[in-house]
Amino acid sequence: MAATAWRYAPLLLLVAAWEAAPRIGLINPAALPPFSLVVHAWWYKLFLPGDLVLHGAASLADLTAGLALSIVVGLALGLAMAWYRPIDLAVSPLIGALYPLPRSALIPVMILWFGLGSGSKVASVFLGCLLPVVLSTYNGARGIDRVLVWSALAAGARRRAVLWEVVLPAAMPEILAGVRNALALSFILLVAAEFLVGRRGLGYLISFLGEGGVYDAMFAGVLTVAAVGFLADRLYLLFMTWMLRWRE
Amino acid sequence: MSASGISFRRVSHTYRPKRGAPLLALDGVSLEVREREFLAILGPSGCGKSTLLYLLGGFLPIEAGEILVAGRPITGPGRDRGIVFQSFALYPWKTVRQNVLYGLEKQRRPRRERERRAQELIELVHLNGFEDSYPAQLSGGMKQRVAIARTLATDPEILLMDEPFGALDAQTRALMHEELLAIMRRAPKTVLFVTHDVREAVALADRVAVMSARPGRIKEIVDIRAPGAGRNAMSESASAALVERLWQLVRGEAMLAQGVRA
Amino acid sequence: MARMRGIAGAFLRTAPLVAVALLWEAFARAHVVSEFLLPPFSGVVMRLFEDLVSGDLPTGIALTVYRALAGFALAAVFGVAAGILMARVAAMRWLLDPLVSIGLPMPKIAFLPVFILWFGVFDASKILMVAFSAVFPVIVAAAAAAEGVDRALLWSARSLGASRRAILWEIALPAASPQIVTGLQVALPISLIVAVVAEMAMGGEGLGGTIMTEMRFADSPGVFAGIIAIAVVGSLLIKAMELMRRRVLMWQAEAA
C-alpha cells in the first residue's frame with residue numbers, strides 16, 4: 001500500500017504543480033486553469049449536461065466498429081496470406097506499398113467517400129488499424145515452429161484443421177501484440193477524424209470547447225480522452241495476459 | 001513385406017537455403033528397417049540424419065528415390081508413423097492432458113475412451129498430478145515425456161525419434177533411456193532413433209546405421225543385439241567394445257564434417 | 001513477406017501494383033462511381049506531375065518533412081536521454097516511471113487543442129505536438145535497452161580501466177543501440193502520422209494541410225495526388241531509417 005502510494009507520488013506532484021502554478025501566477029490561468037477548476041468543469045460542464053455521455057457514446061461506437069472490422073478482416077487476410085502462397089504473392093506487394101503511408105493521410109479520402117457522418121470515421125479507423133493486424137497475424141503464422149505443424153499432421157490433422165488448431169493459437173502472442181498496436185492507433189485516428197469532421201464525438205467536443213475558449217472544460221475533455229485510452233490499453237493487457245496464461 | 005518394415009531406396013535430398021548454393025544433404029541412401037526393430041541412426045551433426053527422418057515422416061517432399069512402409073510408398077504424414085522431436089513440439093497453449101488428447105481427438109474415438117487412454121499414457125510416463133499443467137511449467141525431461149505420451153497415445157506402428165533426449169542433461173537422459181526401454185518392452189514397435197551420441201545408440205538400439213558426413217550416406221550397419229534381447233544381457237566389456245568401434249567409425253566423419261582431415 | 005530474387009521476382013512484386021492501377025483506371029473510366037469519388041489514375045498521375053513542376057508539391061513535402069523530422073529529432077534526443085537517466089538514476093526512475101507508463105498508452109493526439117492554445121497554429125506547435133507523441137516509445141525503449149546491457153560488458157570495461165564516462169559512451173550506448181534504434185523505428189511513423197494530422201487540423205500548408213483544403217474544395221485529383229506523395233515520402237523516410245540501422249548496427253548479426 002505504502003509502496004504503491006510512493007510509486008504514484010510523482011503523479012500527485014504533477015497535479016499539485018498544475019494546481020499551484022496558475023494560482024500563484026506562474027502560468028496564466030487562461031492557458032492552464034487550476035486542476036480543481038478542471039475537475040469542477042468536468043462535472044458541471046461536461047457530465048451533468050450530458051455532453052460527455054452523448055459524445056462519448058458516439059466515439060465509442062465508431063471506434064468499436066472500426067477496430068472490430070479491422071481485427072476480423074485483418075486476421076482472415078493475414079492467415080490466408082501465410083497459408084496460401086498465391087494470396088501472399090498477390091497481396092504482399094500491395095501491403096508493402098501501403099505500409100509506409102501515414103495512416104492519417106487517408107482521412108480526407110474517407111470524408112470524400114463516406115461523408116461527414118460516422119461512416120468516414122469508422123472507415124478511417126478500419127483502414128488505419130488493418131495493416132498492423134494483417135502483418136502481425138502473417139508474421140506470427142509464418143514464424144511458428146514447423147515441428148508444431150508436423151506433429152499435428154502426423155497425428156492425422158487435416159491442413160484446414162492445422163490452421164485453426166495449431167497455427168492460429170501458436171501465432172496468438174504476436175496477433176495480440178498487433179491488436180494492441182491497432183488499439184492505440186484506433187484512438188489516434190478516431191480523435192483526429194473527429195477533430196476534422198462532423199458534430200459528434202469526444203474529439204469534436206474538445207476542439208469545439210477549445211475554439212469557444214471554454215478552456216477548463218476543454219482540459220477536462222482532453223484528460224477524459226487520455227484516461228479512456230489509457231484504461232482501454234490496461235483492460236486489453238489484462239485480456240491479453242488471460243489469453244496467454246499458458247506462457248510462464 | 002511385414003506390416004511395419006521400412007525400406008529406403010536410393011533416397012537423395014537437396015537442401016536449398018534462401019541464400020547461398022544448394023547443398024546435397026542425402027546421397028542415394030538405401031536402408032532396410034525390420035519390423036519391430038530398434039534402429040539407431042548415428043552420425044555427425046549436419047549429415048542429414050534428421051532429414052532422413054523428416055522424409056520418412058512425410059513432412060518433406062521426396063525428390064529422388066522412394067521410401068516404402070509395409071511395401072507401399074509414402075505420400076505424406078500418416079498415423080502409422082508417430083514422431084518425437086528434440087524440441088518437444090508440445091502445444092504450449094494446451095495442458096499436458098490436452099496435448100496427449102490431441103491425436104486421440106483426431107482419431108474420433110469416443111470421448112470416454114479418449115479420456116481413459118490419455119490417463120493411461122500419462123501414468124505410463126509417470127506424469128500423474130501434472131495433467132492440468134501447461135508445458136511452460138514443466139522441466140525438459142517432463143516435457144519430453146509428455147511428447148512421448150502424446151505420440152504413443154494413438155498407438156502408431158512406427159516411432160520416429162529425432163534426437164529426443166538431446167536437450168536433456170545426462171542424468172535425465174539416462175532415466176529416459178530406462179523408461180523408453182520399459183515402454184518398448186510393453187508395446188514393441190519399429191523405432192527409428194536419430195542420435196549423435198554413441199553411448200545412447202548402444203544402450204538403446206538393436207542395430208546402428210552409421211552415416212557419413214555430408215552428403216549423407218549409410219557408411220556401415222553394426223549389429224548390437226538380437227531384436228527383443230534383454231538390454232542387461234550385454235556385458236560391460238562387450239558394450240564398451242561396441243562403443244569403441246562405433247566411436248572410431250563416427251570420429252572420422254565428425255572430423256570431416258568439421259573440416260579436419262582424419 | 002514472400003521474397004524472391006531476380007527478374008521473375010521483380011515482376012511478381014510489381015504485377016499486383018500494376019493490376020491495381022489498371023483496375024483503378026478502368027473502374028474510373030467506366031464511371032462505376034463518379035469522378036469526384038474516384039478520379040482516373042492517369043488524371044491523378046498528371047496532377048502529381050503538374051504539382052511537382054509548379055513547385056507546390058516540393059514545398060509541401062519540404063514543410064511536412066521538416067515538421068515531422070524536427071519533432072522526431074526532439075523526441076529522439078530527449079527520449080534517449082530520459083531513458084538512460086531512468087535506467088541509471090533511481091530518483092529519475094521514481095519520477096518518470098509513472099508518468100511514462102501512463103503517457104505511453106494514452107492517445108496523445110487528444111492534446112492537440114492544448115498545443116494550439118499554448119503555442120498557436122504555426123510550426124512550433126506542430127513540431128512540439130509531434131515530439132510529444134513520439135517521445136514515449138523512445139523513452140521506454142532506451143530505458144529497457146540501458147537496463148538490459150550485459151553487466152559482464154560493463155565490468156570487463158571497468159577492469160580494463162575505462163572511466164565511467166567512457167563506459168557510458170563507448171560500451172553502454174553501443175550495447176543498447178539495437179533496442180534504441182528499434183524504439184526510433186516505432187517513433188518515426190508516429191511522427192509522420194501526427195505531423196499530417198497537425199497540418200490537417202491547424203492548416204499552414206504542408207501535405208496534410210493541402211490535402212484538407214483540396215478536400216474542402218472537392219478537388220479529388222489533388223487529394224489523391226497528395227496521398228500518393230505522402231506515401232512516397234513516408235516510404236523513403238522509413239527506407240532511410242532502415243539503411244541507417246544497417247550502417248550503425250553493422251556488427252549485429254541480423255537476418256537482413
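How far apart are the end C-alpha atoms of helix α6 (residues 123–148) of chain C, and what should its 26 residues span at 1.5 Å a residue? The helix should span 38 Å and its end C-alpha atoms are 37 Å apart, which agrees. The expected span here is 1.5 Å times one less than the number of residues.

Before we go on, a word about the model. It is predicted, so local features need pLDDT of at least 70 and side-chain atom pairs count only at pLDDT 80 or more, while totals for chains, interfaces and linings use all residues. Residues are numbered from 1 along each chain as its sequence is written, and chains are lettered from A and ligands numbered from 1 in the order in which they are written.

## Chain C and its helix α6

Chain C has ten helices and zero strands. Helices (H or I, at least four residues) and strands (E, at least two) are DSSP runs, numbered from the N terminus. Along its principal axes, the C-alpha trace of chain C spans about 75 × 55 × 30 Å.

Of the 256 residues in chain C, 39% are buried. A residue is buried if 20 or more other C-beta atoms lie within 10 Å of its own, exposed if 12 or fewer, and partly exposed in between, with C-beta atoms placed from the backbone. Back in α6(C), 20 of the 26 residues are buried, and the helix is mostly covered. α6(C) also bends by about 35 degrees at V135(C), with a proline, P137(C), following within four residues. The bend is the angle between axes fitted to the seven residues ending at a residue and the seven starting there.

Contacts tell us about the fold too. Two residues are in contact if their C-beta atoms, placed from the backbone, lie within 7 Å. Among the contacts in chain C with a separation of 6 or more, 71% are between residues 24 or more positions apart.

## How the chains meet

Two pairs of chains touch, and the most contacts are between chains A and C. Chains B and C share no contact, and their closest C-alpha atoms lie 9 Å apart. The table sets out the two contacts.

| Pair | Residues from each chain | Classes on one side |
|---|---|---|
| C and A | 44 residues from chain C, 46 residues from chain A | chain C: 39 nonpolar, four polar, one charged |
| B and A | 21 residues from chain B, 15 residues from chain A | chain B: eleven nonpolar, seven polar, three charged |

For these classes, Ala, Val, Leu, Ile, Met, Phe, Trp, Tyr, Cys and Pro count as nonpolar, Asp, Glu, Lys and Arg as charged, and the others, Gly among them, as polar. On the side of chain C that touches chain A, the largest share, eight residues, comes from α10(C). On the side of chain B that touches chain A, β6 (81–84) and α2 (96–106) of chain B give two or more residues each.

Helix α9 (residues 202–211) of chain A has eight of its ten residues buried, including Y204(A) and I206(A). Their cover includes α3 (51–83), α8 and α10 (215–243) of chain A together with α5 of chain C. After α9(A) comes G213(A), whose phi is positive, near 75 degrees.

## Inside chain B

Now for some strands. In strand β7 (residues 158–162) of chain B, five of the five residues are buried. I158(B), L160(B) and D162(B) point one way, while L159(B) and M161(B) point the other way. In a regular strand the side chains alternate between the two faces of the sheet.

β7(B) pairs with β6(B) in the parallel sense over four bridges; two strands pair if DSSP finds at least two bridges between them. L160(B) is the bridge partner of I83(B). β7(B) is also joined by five bridges to strand β8 (residues 190–195) of chain B, again running parallel, and here D162(B) stands opposite V194(B).

V198(B) belongs to helix α6 (residues 198–204) of chain B. Why is V198(B) called buried? Because 22 other C-beta atoms lie within 10 Å. Among the residues that V198(B) touches are L42(B) and W247(B), not counting residues up to four places away in sequence.
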